[in-house]
Structures are given as C-alpha cells and as structure tokens.
Amino acid sequence: MRRSTLSSPRARLPLSLRPIRAAMLASAMAVTLFHAAGAMAQAAPAAAAQASQQKGYVPDVGQDGKDVIWVPTPQSLVDKMLDMAKVTPKDRLMDLGSGDGRTVITAAQRGLTAQGIEYNPDLVELSRQNAKRAGVADRATFVAADLFTTDLSQADVITMFLLSTINEKLRPRILSLPAGTRVVSNTFRMGDWEPDASETVTQNCQTYCTALLWIVPAKVEGKWDMGGQTLQLEQRYQMLSGKLGSTPISDARMDGAAIAFTADGVRYAGLVNGRSMSGTASGKGDWSAKRN
Ligand SMILES: C[S@@+](CC[C@H](N)C(=O)[O-])C[C@H]1O[C@@H](n2cnc3c(N)ncnc32)[C@H](O)[C@@H]1O
C-alpha cells in the first residue's frame, strides 16, 4: 500500500521522538473507540465513513506519518481551537498536517477559507471526499505537501497537532508572519515562547484535550521617539521590558499589533503600524511614537 512507502518505519524514528511517538500511540489506542464512534462527528459522520469505504482507505489511529503519526484531534478540541483563535469568515486558515481534514472542514463550516497541508496522499484524498460530503469542498481544500516547505504567508490562522520539536522548528517562520497571525496547537508547545492562552476541554475529550494559542507579535524592539521622550523597548516574543525616559515600564506586552505598558502609574495602550505607534494613555489622552 502506498501508505507504507510514505510512512517512517518506527525503527527509523529519531531516538528523541520515540518516547513521544510511544506516548502519542498509547493515547491513540485510548481514543480508538472515540475515533471509531465519532471521528467526523461534526463534519458529516456517515459521509466520512462512506467516503473512506468508497476509496477503500481507512486510516489507523497511530499510523506512521512523515514526521509525526496520525492521531485525530477530538472534535470538541477542534471546536475549542477555532474558538480560541476567534476565527471569522474573513480568515484564511491553514492546518499543518491535516490528517482526515476535520479541522479544515470544521473551519469551512464556520465560513472560513481553509486549507489542509498533509504529506500522506491517501489522507488528502480522504479529506477531499469528507469535505465534499460535508458540502464545503469549495472552501476546504487540501494539498499533498510537506509542511516544512509550505508557504505559510497567506494564513491568518494556523492550526497544528504536531510535536514540540516540530513546533520549535517552525517557530522562526511563524514569528516572521504578519503581526496578529494566530497559531493554535493541540497540546504541544513551542519551546520558550509561552502561549498567550491555554484552555483544556473537559467534556467529550479523553486525550489531547488542551489547546495553546499564540498571537504573532509586532516587532517593536529598539528606540522610539515619544513626544520628545525616548521609549526604549526590549522584546522577548510578546513580552516587553524597557524604559520611558528614565522610568522603567511594567506590565508591558504585545497582543499582535496591540501594545500596552505602564510607566509612572500611567497605562499606555496603542497599536503599532510599521515605524509608528499611537494610542491613548490613562488620564493623559492620546500619545504617539516614531521609531528612531
Ligand atoms: C497528529 S496528526 C494531526 C491530524 C490533524 N491535524 C488533526 O488534528 O486531527 C499529524 C498529521 O501530520 C501529518 N504529517 C506528518 N509529517 C508531515 C509533514 N512533514 N508534512 C505534512 N504532513 C505531515 C501526518 O500524516 C498526520 O496526518
């Protein structure tokens, strides 16, 4: 079967990934029942099964994939991930390693234009059939490709259920995306970039029930002229530190293109737009700054 030629045999997995694979596989076993009973719960359950049968391809939970095995995200967590990203029909979503297409199809059912990137062509074909059955094939598309060589620049929202090691490899590319791009991961973190939010689903979810959200921050590190005073900013991902004049700033962070910090008891909130930023300061009215 074509699947076996694409899959990484377990023996060839790097040592560092084997425990994770084993953990994912163990959990996969636990969710097999869930999967069999309701894998496509919201994305046309009968249609999904029928499509698989028609194609003669039924994926196995825990089967090998190029860089990570296939384990489906529980539908309740798919819903939570999209909620956390605050998706709207204007958003373009990309699921990296899209499996049977459930996240992409659910996004399309919410009116988004969504694309799945999946290495395994059998899963791609199954996803296309599932999207067709769900009536969203026009908005839910799938590409047989390697996520490491895929252009991410058109995505407003990226979803993924990969591994921490893979997320970390993707991190520089994610950080170079436009400010405000949202990234949601099932369970796995992104190294020392702390998530902006984390939520765990407790209903209808046995394993892999935590979603982590990151919002790509605007890059603001450096010196800014703020009405004759120097605003000096140091930036670590979304967290900021620095000084306004000689006063240290506190409680300072980015939320996409939105900046907020406190100096001398005054709360500054604003928006960054390239080399300028502007907003309001509590009790002081408007403020603006330009990059030096
Ligand atoms: C854990 S599953 C997640 C599936 C789906 N995103 C979900 O949440 O239900 C990971 C998927 O990534 C795919 N995959 C592994 N390495 C890949 C790569 N380099 N490029 C694209 N897809 C890959 C696997 O085939 C598998 O379907």
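**Close-up views of a predicted model**

**View 1. The buried residues of helix α5.** In α5, Arg102, Thr103, Val104, Ile105, Thr106, Ala107 and Ala108 are buried, where buried means that 20 or more other C-beta atoms, placed from the backbone, lie within 10 Å of the residue's own. Helices are DSSP runs of H or I with at least four residues, strands are runs of E with at least two, and both are numbered from the N terminus. Because seven of the eight residues of α5 (residues 102–109) are buried, this helix is largely enclosed by the rest of the structure. Its cover includes α4 (75–84), β1 (92–96), β2 (113–118), α6 (121–133), β3 (140–144) and β4 (157–160). Just after α5, Gly111 has a positive phi of about 100 degrees.

The model is predicted: local features need pLDDT of at least 70 and side-chain atom pairs count only at pLDDT 80 or more, while totals for chains, interfaces and linings use all residues. Residue numbers start from 1 along each chain as its sequence is written.

**View 2. The surroundings of Ile249.** Ile249 sits in the loop between β11 (247–248) and β12 (250–255). Ile249 counts as buried because it has 20 C-beta neighbours inside 10 Å. Leaving out residues up to four places away in sequence, Ile249 touches Ser241, Gly242, Lys243, Leu244, Phe261, Thr262 and Ala263; contact means C-beta atoms, placed from the backbone, within 7 Å.

Notes: A residue is buried if 20 or more other C-beta atoms lie within 10 Å of its own, exposed if 12 or fewer, and partly exposed in between; C-beta atoms are placed from the backbone. Two residues are in contact if their C-beta atoms, placed from the backbone, lie within 7 Å.
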